[in-house]
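Hi there,

Here is the structure I promised to pass on to you. Have a look at it first, and then read my notes below.

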Amino acid sequence: MMTLEEFAGKIRESCENVVFTGAGISTESGIPDFRSPGGIWTRYRPVTYQEFVASEAARIEAWKRRLETHEAHKNAKPNIGHYFVQSLDAKGKLIGLITQNVDGLHNLAGLPDEKSVELHGSNRKIVCLNCGKSFDPDPIIKNLVGDFSSPKCNACGGILKSATISFGQAMPQEAMRQAQEWTVRAHVFVVMGSSLQVQPAASFPVLAKRNGALLAIINREATPLDEYADFVHQGAIGEFCQRFSALIADG
Ligand code: NAD
């Protein structure tokens, strides 16, 4: 296993770096992850895509959840982890960022859209499942008061849904293709804040490693791929990025 200094040396030398992030990079912005104690999974069961399409009751359940978290998500600001990824790009050291997050915080930190792939979509948009028209979430969510029925498209009457990928929904093809292309090009592949338990997303670090990349994992708890990695840091991302940024500053 590599030391922190050795890993910093690799990042200093390499411009072919890919970062892969999960919910753990956004907890320090006040957005809870799914699997930590108190995380969303411990309180709710997921509404699948098939249930959402088939049942008004399921849609209302999904919108009620969205109502609970909307303000926190809307007001969340990027943290040092998001700015760290942006700074790699600013130094010309980032092929691209692949994220499982739907919160849009990497882009708010200044990472250009063409440098990021959101594998699970974005909750900063709402889309019509029938005609594809997209909407700003705010005015739609403001209308969900009292005994509401699920929102419909003002153009075609179709069902509206957050532009996120639900369980049971196909992964977005172009995002998957782009993520795979970046992954096989990576010389260094850095995972930050993912439990690496969700497929197919968790297959990217394996693909990177198989193609000869150095694999680094920064996460508060152990992941199933730690044994496979060249560098593992078990701890908070904010603290890590602060130290690490200083180590690579002269690169
Ligand atoms: P996860 O909840 O499965 O795992 C998050 C991991 O991050 C955990 O292992 C946890 O120990 C670690 N972690 C939490 N805070 C940390 C910190 N400050 N520093 C270091 N590590 C920290 O999340 P996942 O792997 O992204 O997969 C869950 C799914 O949930 C994804 O599909 C994602 O789309 C979705 N999700 C997204 C958001 C978001 O957009 N912010 C939030 C919750 C869930």
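The centres of domain 1 and domain 2, taken over C-alpha atoms, are 28 Å apart. This is a predicted model, in which local features need pLDDT of at least 70 and side-chain atom pairs count only at pLDDT 80 or more, while totals for chains, interfaces and linings use all residues. Residues are numbered from 1 along each chain as its sequence is written, and side-chain values use heavy atoms, leaving out hydrogens and water.

Domain 1 covers 1-31 + 78-120 + 171-251, and domain 2 covers 33-75 + 121-164; these bounds come from an automatic or database domain assignment.

Where do the two domains meet? In domain 1, 17 residues are in contact with 10 residues of domain 2 (contact means heavy atoms within 4.5 Å). Together the domains bury about 1,000 Å², with 48% of it on carbon and sulfur atoms; buried area is the accessible area (1.4 Å probe) that two parts lose on being put together, summed over both. On the side of domain 1 that touches domain 2, there are 7 nonpolar, 7 polar and 3 charged residues. Here Ala, Val, Leu, Ile, Met, Phe, Trp, Tyr, Cys and Pro count as nonpolar, Asp, Glu, Lys and Arg as charged, and the others, Gly among them, as polar.

Now for the ligand. Which residues are closest to the ligand? They are Arg35, Gln100, Asp103, His120 and Ser195, out of 27 that surround it (a heavy atom within 4 Å). By class, this shell has 8 nonpolar, 13 polar and 6 charged residues, and each domain supplies at least three residues to the shell.

Best wishes
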